[in-house]
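Here's a quick tour of a cavity and some helix packing. Have the model open and follow along.

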Amino acid sequence: MAITRQSNIFDPQSTQPFKLSRSKLENFTRCARCFYLDRRLGVGQPSIPGYTLNSAVDTLLKKEFDTYRAAGKPHPFMTQAGLDAVPFQHADLDKWRHNFTGVQYQHQATNFLLFGAVDDLWVLPNGELIVVDYKSTSKDGEVSLDDQWKDGYKRQMEIYQYLLRGNGFTVNDTAFFVYANGRTDLDAFKGTLEFKMSLLPYTGDDTWVELTVVNAHKTLMSDELPPYTADCEYCQYRQASLAAENPDA
């Protein structure tokens, strides 16, 4: 797949708000150099195919929870977990779920227009919102949030909490992952993929987000490319490629 120059490039001289997505901010936490190459120089990372089965699970879960949302009733997952909440009703929910709009927050200090698309929101009787994200996988045993690579999932939740608080909502620190784990212990497929469902709570702490946004802005304002990140596979590839192409350098 060809790599093309990215759109929405940061211009240090511009006075217009700069749209920065939740995923791009996540990229900055992983590697400042790759982030700079992408948002300042227009050279994005290679794309990967979409996870269409995961997207199908997301779509069906949204339809399922929307049925209970319309009725103003809790989903059985909530009742089984002893959670006194119902799916949140709001006129902007569809916009908040859309990848290119999402929940938006204008960060005054940097003039970033931050945004991120949530999967769902629930509400407690006291009016506090609960951020909810749908995840799907297929693995033996119980799913958990203990894997190191799931730290990005946790930051994802905390950014959503930050964005909603920036919009004036009161948000509970506890978020929930609705996890669908595809079963492989059955005798046959028979045209149906069955899932074991889990509701995993996560207590978020979004205090890191503010400084990260400021540092991301500082990085983009600089005319210097950040150094290679030691544990970034893209940086490692570029270094190895350059060394192979220029062995005498």
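## The cavity

The largest cavity holds about 40 Å³ of space. A cavity here is a set of points, on a 1 Å grid over the protein atoms alone, where a 1.4 Å probe fits but cannot get out; its volume is the space filled by probe spheres set on the points, with grid points joined across faces, edges and corners. Searching the whole structure turns up one cavity of 30 Å³ or more.

This is a predicted model, where local features need pLDDT of at least 70, side-chain atom pairs count only at pLDDT 80 or more, and totals for chains, interfaces and linings use all residues. Residues are numbered from 1 along each chain as its sequence is written, and side-chain values use heavy atoms, leaving out hydrogens and water.

## What lines it

Lining residues (an atom within 4 Å of a point) are L20, S21, R22, L25, L114, F115, I159, Y162, L163 and V209. By class, that's eight nonpolar, one polar and one charged. Ala, Val, Leu, Ile, Met, Phe, Trp, Tyr, Cys and Pro count as nonpolar, Asp, Glu, Lys and Arg as charged, and the others, Gly among them, as polar.

At least two lining residues come from each of strand 1 (18–21), helix 1 (22–30), strand 4 (112–116) and helix 6 (151–166). Helix 6 gives the most, with three. Helices (H or I, at least four residues) and strands (E, at least two) are DSSP runs, numbered from the N terminus.

## Helix 1 and its partners

Helix 1 packs against helix 6 at about 130 degrees, with the axes 11 Å apart. Axes are lines fitted to C-alpha atoms, for helices over the stretch in contact, and angles run from 0 to 180 degrees between N-to-C directions. That makes the pair oblique: under 35 degrees is roughly parallel, over 145 roughly antiparallel, 65 to 115 roughly perpendicular, and the rest oblique. Contact (heavy atoms within 4.5 Å) involves R22, L25, E26, T29 and R30 of helix 1 and G152, R155, Q156, I159 and Y160 of helix 6.

With helix 7, helix 1 makes an angle of about 80 degrees, axes 10 Å apart, so the two are roughly perpendicular. L25, F28 and T29 of helix 1 meet W208, V209, T212, V213, N215, A216 and T219 of helix 7. That contact has six nonpolar, four polar and no charged residues.

## Helix 2 on helix 7

Helix 2 (residues 32–39) and helix 7 (residues 207–221) have axes that come within 10 Å and cross at roughly 60 degrees, so they're oblique to each other. A32, F35, Y36 and R39 of helix 2 touch A216, T219 and L220 of helix 7. Here the count is five nonpolar, one polar and one charged.

Notes
1 Å grid on protein atoms, 1.4 Å probe; cavity = no way out; pocket = protein on both sides within 12 Å on 5 of 7 lines; lining within 4 Å.
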